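Subject: Structure handover

Hello,

Here is the structure for you to look through. My notes follow below it.

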Amino acid sequence: MNFRLLAPAEEEKMGTGVHSSSEVYTSDSEKGFAVNINPSTSPELDAGAKFVLVSKGSWLHCGYHLTTSIVGPVILTLPFSFTLLGWVGGVLWLTLAGVVTFYSYNLLSVVLEHHAQLGRRQFRFRDMARDILGPRWAKYYVGPLQFVICFGTVIGGPLVGGKSLKFIYSLYHPDGAMKLYQFIIICGVITMILAQLPSFHSLRHVNLVGLILSVIYATCVTVGCIYIGHSKDAPPRDYSVRGSVADQLFGVFNGISIIATIYASGIIPEIQATLAPPVEGKMFKGLCLCYSVIAATYFSISISGYWAFGNLANGTILANFIGETKLLLPKWFFVMTNMFILVQVMALTAVYLQPTNELFEATFGDPKMGQFSMRNVVPRVLSRSLSVAAATLIAAMLPFFADLMALFGALAFVPLDFILPMVFYNITFKPSKHSITFWVNTLIAVASSVLVVIGGVAAIRQIVLDAKTYSLFSDG
């Protein structure tokens with residue numbers, strides 16, 4: 001299957017041609033798309049698109065953003081997903097989900113490129129929905145779903161970072177007085193500082209560091225799994241799927257949902273908006289860079305972790321590196337790996353701040369004033385700081401938020417990344433109902449809709465099972 005799909009007009013060489021880099025695009029907030037205007041005309045972008053989604057990036061920058069938005073500490077749950085699916089099911093679904101999401105993101109890119117060539121460059125997911133499906137879909141469905149994903153990730157960032165910091169602290173001060181919520185607040189302050197970076201493009205070097213660190217800590221975890229698997233402390237390996245028939249069935253659903261969410265992004269249009277025109281072909285190169293990192297990290301962690309620990313793999317594989325009476329690896333290994341995770345998750349959090357920053361900027365900013373004028377700086381600093389403060393407070397109050405994110409992932413990530421790209425492509429290009437493309441897209445959309453229901457039910461069941469352990473400001 002050729003992932004670099006072309007629009008029908010391109011295939012027939014009847015398209016309007018690639019726009020030149022001198023073209024200027026402006027946002028039409030009512031219609032949800034950008035309108036190509038004469039370069040001599042003053043652009044009328046809203047403040048969100050003009051200041052946050054500034055289009056200056058290269059395909060490499062795009063690759064950095066994509067990788068950091070997708071590859072995060074959640075990949076440490078991959079061996080656990082294999083305990084629910086087994087060797088064959090785990091490897092097959094990990095591969096299939098990768099192929100489907102690469103295809104899906106490429107479809108989104110093709111649709112965005114098509115509208116850009118027609119002079120209607122779309123900067124945001126809700127722009128696409130408003131232009132293709134109608135304003136109600138953008139306002140009441142796509143916009144809220146994306147906000148839940150992005151703000152939920154901003155909540156999860158300080159939480160994951162705080163747990164990494166607390167673990168390092170506990171290694172040296174096992175009876176220390178500091179609580180988890182204090183480390184979450186520390187990470188919230190770091191997030192608040194990163195939130196003040198003015199635009200998505202400003203994160204390009206931060207995200208390069210994030211990409212490098214994700215590869216490094218994935219390598220560390222893989223090496224750790226192989227070392228323990230060959231050591232005298234290696235646990236007995238059992239690769240059978242545990243539990244009753246009902247537990248196994250729900251486990252399969254949960255494993256499928258975990259892997260689908262691990263590939264999710266939810267902000268592909270915003271990332272493509274950072275590309276300098278002409279945009280044609282750049283996103284595909286960025287996706288190739290991103291999925292090279294994904295292939296290297298996802299498969300190495302999932303296979304080595306499941307090989308070493310079998311169906312004893314914990315929710316995060318790092319927990320398996322701690323024996324009943326001692327650490328199975330040197331203390332410096334845990335410090336180094338957790339520091340890498342901490343820094344990378346801060347970069348990831350900064351990426352998911354951008355759509356909310358853009359929304360605040362569009363609401364409170366004035367595009368007719370300078371980006372760094374007092375009129376725009378004051379509401380920018382206040383809105384971003386208050387949103388991060390609120391996210392940090394929620395993370396400190398609800399350290400069990402990961403269970404809720406599993407539910408949000410099933411109900412929000414899957415529609416945005418698996419369903420809507422297929423719908424957008426079929427509506428935009430209207431492929432023949434006799435074509436393979438139409439039926440592949442339809443099949444993926446229908447199967448993903450079933451996944452939404454299955455993943456939602458599995459997530460709710462897990463919340464019910466874990467509810468008795470929930471407590472506000474807990475130290476777990």
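Is Y181 buried, partly exposed or exposed? Y181 is partly exposed, because its relative accessible area is 32%. Buried here means under 20% relative accessible area, exposed means over 50%, and partly exposed is in between (1.4 Å probe, protein chains only).

Some ground rules. This is a predicted model, in which local features need pLDDT of at least 70, side-chain atom pairs count only at pLDDT 80 or more, and totals for chains, interfaces and linings use all residues. Residues are numbered from 1 along each chain as its sequence is written, and side-chain values use heavy atoms, with hydrogens and water left out.

**Surface patch**

Y181 sits in helix α7, residues 180–194. Helices are DSSP runs (H or I, at least four residues), numbered from the N terminus. Together with I185, V189 and I193, Y181 forms a nonpolar patch on the surface. The accessible area of these residues together is about 360 Å². Such areas come from the Shrake-Rupley method with a 1.4 Å probe; for residues, only the protein chains shown count as cover. A patch takes residues with over 30% relative accessible area and no salt bridge; like charges are joined within 9 Å, and nonpolar side chains (Val, Leu, Ile, Met, Phe, Trp, Tyr) within 5 Å.

**Helices α4 and α11**

Two packed helices are described by the angle between their axes and the distance between the axes. Helix α4 covers residues 78–117 and helix α11 residues 282–309. They pack at an angle of about 180 degrees. Their axes are 11 Å apart. The axes are lines fitted to C-alpha atoms, for helices over the stretch in contact, and angles run from 0 to 180 degrees between N-to-C directions. So α4 and α11 are roughly antiparallel to each other. The cut-offs: under 35 degrees is roughly parallel, over 145 roughly antiparallel, 65 to 115 roughly perpendicular, and the rest oblique.

What does the contact of α4 with α11 hold, by class? It has 18 nonpolar, 9 polar and no charged residues. Ala, Val, Leu, Ile, Met, Phe, Trp, Tyr, Cys and Pro count as nonpolar; Asp, Glu, Lys and Arg as charged; the others, Gly among them, as polar.

Two C-alpha pairs to look at here. V91 lies in helix α4 and is partly exposed at 29% relative accessibility. V91 and I303 are 212 residues apart along the chain, yet their C-alpha atoms are separated by 8.2 Å. S302 is in helix α11 and is buried, with a relative accessible area of 0%. S302 and G90 are also 212 residues apart in sequence, and 8.6 Å apart in space, C-alpha to C-alpha.

**Salt bridges**

How many salt bridges does the structure hold? There are 10. The criterion is a side-chain nitrogen of Lys or Arg within 4 Å of a carboxyl oxygen of Asp or Glu.

R126 pairs with E358, with the closest N and O atoms 3.1 Å apart. R126 is in helix α5 (residues 125–132) and E358 in helix α12 (residues 331–364), so this bridge ties together parts 232 residues apart in sequence. Both R126 and E358 are buried. They also belong to a network of salt bridges that links D46, R124, R126, D127, R130 and E358.

E361 forms a salt bridge with R380 at 2.7 Å, N to O. E361 lies in helix α12 and R380 in helix α13 (residues 374–397), so the pair ties together parts 19 residues apart in sequence. E361 and R380 are both buried.

E361 also forms a salt bridge with R384, the closest N and O atoms being 3.4 Å apart. That pair links helix α13, which holds R384, to helix α12, which holds E361, across 23 residues. R384 is buried, like E361.

**Backbone**

Most residues other than glycine have a negative phi, and most peptide bonds are trans. Two places to check against that. The peptide bond from P277 to P278 is cis, with omega near 0 degrees. P278 is in the loop between α10 (268–273) and α11. K430 is not a glycine, but has a positive phi of about 45 degrees. K430 lies in the loop between α14 (401–429) and α15 (436–466). K430 is exposed, at 64% relative accessible area.

Best wishes

Note on methods. Helix = DSSP H or I, 4+ residues; strand = E, 2+ residues; numbered from the N terminus.
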